[in-house]
Amino acid sequence: MRAFAVPIMLTAIVAAPLQARTAPRIEEQSVDQLRAMIANGSATSESITTAYLARIAAMDRKGPALRAVIAVTPDALAQARASDARRKAGKALGPLDGIPVLIKDNIETKELPTTAGSLALKDNMTGRDAPVIAELRRNGAVILGKTNLSEWANIRSNNSMSGWSAVGGLVRNPYALDRTSCGSSSGSGAAVAASFAPVAIGTETDGSVVCPSSMNGLVGLKPTIGMVSRTHVVPISHSQDTPGPMGRSVKDVAILFSAMVAPDPADPATKDAATYKRDFTAGLSADALKGLRVAVLHPDMPEAMKVTYAAALAVLKAQGAVLVDVERPKLEGMGDAEFDVLKTELKADLDAYLAITPKAVTARTLDQVIAFNEANKASEMVFFGQETFIDAAKTRGLADAEYLGARAKSLRLAGAEGIDAMLKKADATILVEPTYGLPWLSDSVSGDHFDGPSASELPAIAGYPHLTVPMGLAKGLPVGLSFIATAWGDQRVLNAGYAYEQASHARVAPRYLPVAHAGEGLEGKR
């Protein structure tokens, strides 16, 4: 497995500054705590950035070898120094100014290649920022580096091993190193859990923010489609793709999200984003659950999760929420329709993206990527194939009647007959359920082993907001609680998730155990 760029770049950036000052404590520190350290003079953005770079160097390819980071930004310290200079001049840009942020490596940043984990894109050095990254820079964020991911955002094969890419290797879960970090934003999840940065950006088509957040003990928000630009993000589906913020607390996620939301003329889905843009931290209240009617699903799940979920529901009720049990409608054929949509849009959207990559990128269509993978089997198809790519290459385009029918069907079932119907039946505004099951053993032979609930499908297809918040450990492994609302209800899910988080304090820091400690559950909180 190739470890792209990380070791050499980290050595060059970290060594000198560490000799000059004692690094501040960054482990498990929130954005507010880092800002307070800068404000009281006990740290600077430069010293904080240096400390994160040193932690990555010590733990990403050494120590627990999480393989969460593909590359660090060459001018990260220069960005931090510029932030310190702004603050000294009384021109700080806001809550994110000087705060390091990691970026999933399917989102373009001007200093680094954007690989989507594939060697076919190792030379994809566009020299430009995706609009969502430009928004972060306007808010003063330090773009710290690029995180590893499930290659091609986990769409190449139905038999994939989540968290693996030919560029970055296999991401390991900080809670139990033999377990999956889920995908496709596996590196963003493991990196934030391990305090390689306070926050990170992932992307989701169906589950790729909320699954790694749930399985790495994080808060993650899959926003309403149209809140955040997708331009210059390596695509799967214009119907379902979106970047999303990931962090260790709801407030950190809200701070990051506030800096991400903006209209983008190149992405028509964002035409109404300015209407919904706000400071998402302003609405956060520990009392947000009082009197709130919540529709509650009880899917099948492992026995250990039932205890954790029951405890989470008890917290909601104790905080004044009115819980109304609902059953998920059958929604027959929705999953197949969604998959047909994703394959058709993958072909169209990826071909359009590859066509404008730099000339150094030789695979400029999906067909050429398939040929590249075949020619480079020894490095690209080590553990699984590319049957989904091959199926996608056979699709008939965005005007195809079967594709249009599949999109209409999946959207109707997930929205009007799915989430909308359940909320209406309960007379509720929020739907709650477990996010995913337990992190499974990383299996290079058989691929992923999803076991238990999966809350991502309906909001992903419908384009609705979906927030996951830690609800503790089950068998020593993190599990998440999902809050789902209808379109543009991002503030609503953040408010409910914050009130739950403040009452439960359920998140447990990782211990980098070689295997899970099965006897540790909610009682393992610290």
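Predicted model: local features only at pLDDT ≥ 70, side-chain atom pairs only at ≥ 80, totals over all residues.
Residues are numbered from 1 along each chain as its sequence is written. Local features need pLDDT of at least 70, and side-chain atom pairs count only at pLDDT 80 or more.

Trainee: How far apart are the end C-alpha atoms of helix 15 (residues 401-426)?
Mentor: Helices here are DSSP runs (H or I, at least four residues). The expected span is 1.5 Å times one less than the number of residues. Helix 15 has 26 residues, so it should span 38 Å; the end C-alpha atoms agree, at 36 Å.

Trainee: At which residue does helix 15 bend?
Mentor: A bend is the angle between axes fitted to the seven residues ending at a residue and the seven starting there. In helix 15 the bend is about 40 degrees, and it falls at Asp 420.

Trainee: Is helix 5 (residues 131-138) roughly parallel or roughly perpendicular to helix 8 (residues 250-260)?
Mentor: Their axes, lines fitted to C-alpha atoms over the stretch in contact, come within 8 Å and cross at roughly 110 degrees. Angles of 65 to 115 degrees count as roughly perpendicular, and those under 35 as roughly parallel. Therefore helix 5 and helix 8 are roughly perpendicular.

Trainee: Which residues of helix 17 (residues 490-504) meet helix 8?
Mentor: The two helices pack at about 155 degrees, with axes 9 Å apart. That makes them roughly antiparallel (over 145 degrees). Contact means heavy atoms within 4.5 Å. Val 250, Val 253, Ala 254 and Phe 257 in helix 8 meet Asp 490, Leu 494, Gly 497, Tyr 498 and Glu 501.

Notes:
Heavy atoms only, no water. Axes fitted to C-alpha atoms, helices over the stretch in contact; angles between N-to-C directions.
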